[in-house]
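Dear colleague,

My notes on what was found in it follow directly after.

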Amino acid sequence: MGRGLSMLTMARAAWAGVRYTVVVPLLHVAVYLCAAMSLMLFVERLYMGIVGAVLWLNRRRRRRGSKVRDAGDNDKLDDSDDLEAGAGAEKPMVLVQIPMFNEKQVYRLSIGAACGLWWPSEKLVIQVLDDSTDGAVRALVEAECRRWASKGVRVHYENRSNRNGYKAGAMREGLKKGYAKDCQFVAVFDADFQPDADFLRRTQEVGSACHAFFGFNGTAGVWRVQALADAGGWKDRTTVEDMDLAVRASMRGWKFVFTGDVKVRNELPSTFKAYRYQQHRWSCGPANLMRKMFWEILTSRQVSTWKKLHVLYGFFFVRKVVAHLVTFLFYCVVIPACVLMQGDVRLPKYVAMYVPAIITLLNAVCTPRSWHLLVFWILFENVMSMHRSKATIIGLLEASRANEWVVTEKLGSTTTTTVATKKKKNQNQGFHTAEIVLGICLLYCAIYDIIFGHDHFYVYLLMQSAAAFVIGLDYVGSQ
């Protein structure tokens, strides 16, 4: 009995030594690190919020001043709906690229929307870049292209014998086709995107705007072919070929115009599994691109130092690295650890409450229709930060999954597809181990705080653990 007590006393003494010499100092460093990253994120969000507000006010002022002129232009368009009559000579040649891979559920929607664009027929070329490996899907897509071609639309079906370079490789090969050589602009739409008929008219007739850099997301955008060629064309060195191209074009001095009032219908990931794969690609790719382009951006002589700082620090480091790491480190590691330390490490209120609250509000102000979902969004994003942080580190280190490309499954909008998906969901329902383990850890910390704590962190920890269990038990992602 005495020997057992002595062993227990020795274990407690050993833990006390490790706690005060290793754990507590490391946790202090983590708190200061999270405070620094939170302030960086706060300043960046505040800066972008101010810029966005100024642009919104300027855009509103321009709209008020041009109502009469716009009304006159609309009357002219209504009087001459036929774009073929005399207008074609003034329009640039536009190539529309639609890359797809085994898109059985959505190929008709995207091809039909592209073929229905209001643009002179002699100035519009549709290019369907089908990398499908399923022979039946290839036959369906090719038949749909032939159907539109029979109606007089200049639509070309292209299929490669390999998938080298994935989406970037397909679009790069598409631009080499003879019929694409005369095109001045190229518009890109993913297979689930359905542009309105006036998309090209609205994006080609943009007035004055604030020219700056932003990351092209790879779809629903229009590029000058000259800019694309000057930047070096599509490259497949990362999983974010679109962002890669945008950064290179920016470093060559090209400017971008964001037309926030032009919207294109598209499909969100239909399952949590598909969403996780998508978020891995979108988190890993930018971090990997920053690693590969750091010196290229730093040594560029065609742009100002301010623009280099904006791209490297604001766009890449803060938004694509810090934002993911601080969310997971602070909400899922530091707060629970501080609860377990009970008084040895104190969280400053501005770190624990004020700065995160302001950052959240700045993020939410652009989506007022979703304010009622704000709490659920925060809890969900905190759980997802675990995967995004992992993906970011993989991209920075260029580990084994850095170039993993999993195409997001599309389901279309038909009722039968939805029903089939629900059945498949019920059959394949499983568990996500990482989320369940996270939920258990957070629940333990919440109970510990209820019994021994005094800071009321258990309120947050209980909600966050519940969110982790909901996701871990696969109760999200079904339509």
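Val 155 is buried, its relative accessible area being 11%; buried means under 20% relative accessible area, exposed over 50%, and partly exposed in between, with a 1.4 Å probe and protein chains only. Please note that this is a predicted model, in which local features need pLDDT of at least 70 and side-chain atom pairs count only at pLDDT 80 or more, while totals for chains, interfaces and linings use all residues. Residues are numbered from 1 along each chain as its sequence is written, and side-chain values use heavy atoms, with hydrogens and water left out.

Val 155 belongs to strand E3 (residues 155-159). Helices (H or I, at least four residues) and strands (E, at least two) are DSSP runs, numbered from the N terminus. Apart from neighbours within four places in sequence, Val 155 is in contact with Ile 126, Val 128, Cys 145, Trp 148 and Ala 149, where contact means heavy atoms within 4.5 Å. Cys 115 is 40 residues away from Val 155 along the chain, and their C-alpha atoms are separated by 7.7 Å.

**The chain as a whole**

The protein chain has 15 helices and five strands. Of its 479 residues, 43% are buried. Among contacts between residues at least 6 apart in sequence, 81% join residues at least 24 apart.

**Two mostly buried helices**

Helix H3 (residues 107-115) is mostly covered, with seven of its nine residues buried. These are Tyr 107, Ser 110, Ile 111, Gly 112, Ala 113, Ala 114 and Cys 115. They pack against strand E1 (94-100), strand E2 (124-130) and helix H4 (135-149).

Helix H5 (residues 166-175) is largely enclosed by the rest of the structure, because seven of its 10 residues are buried. The buried residues in H5 are Lys 167, Ala 168, Gly 169, Ala 170, Met 171, Gly 174 and Leu 175. Their cover includes E1, E2, strand E4 (185-188), helix H7 (225-230) and helix H8 (241-251).

**The packing of H10 and H12**

Two packed helices are described by the angle between their axes and the distance between the axes. For helix H10 (residues 305-341) and helix H12 (residues 374-397), the angle is about 130 degrees and the axes are 8 Å apart. H10 is therefore oblique to H12. Axes here are lines fitted to C-alpha atoms, for helices over the stretch in contact, and angles run from 0 to 180 degrees between N-to-C directions. Angles under 35 degrees count as roughly parallel, over 145 as roughly antiparallel, 65 to 115 as roughly perpendicular, and the rest as oblique.

On the H10 side, the residues that meet H12 are Lys 320, Val 321, His 324, Leu 325, Thr 327, Phe 328, Tyr 331 and Cys 332. Their partners in H12 are Glu 381, Asn 382, Ser 385, Met 386, Arg 388, Ser 389, Thr 392, Ile 393 and Leu 396. By class, this contact has eight nonpolar, six polar and three charged residues; Ala, Val, Leu, Ile, Met, Phe, Trp, Tyr, Cys and Pro count as nonpolar, Asp, Glu, Lys and Arg as charged, and the others, Gly among them, as polar.

Ser 283 lies in helix H9 (residues 272-298) and counts as buried at 2% relative accessibility. Its side chain reaches the backbone oxygen of Gln 279 at 2.9 Å; a polar contact is a pair of N or O atoms within 3.5 Å, where within protein one must be able to donate a hydrogen and the other to accept it, and residues adjacent in sequence count only if both atoms are side-chain atoms. With neighbours within four places in sequence set aside, Ser 283 is in contact with His 324, Arg 388, Ala 391 and Thr 392.

His 387, in helix H12, is buried with a relative accessible area of 14%. Not counting residues up to four places away in sequence, His 387 touches Arg 276 and Glu 435.

**Two positive phi values**

Ala 220 has a positive phi of about 55 degrees although it is not a glycine. Ala 220 sits in the loop between helix H6 (199-204) and strand E5 (221-224) and is partly exposed, at 29% relative accessibility. Glu 398 likewise has a positive phi, near 55 degrees, in a residue other than glycine. Glu 398 is in the loop between H12 and helix H13 (415-427), and at 32% relative accessibility counts as partly exposed.

Yours sincerely
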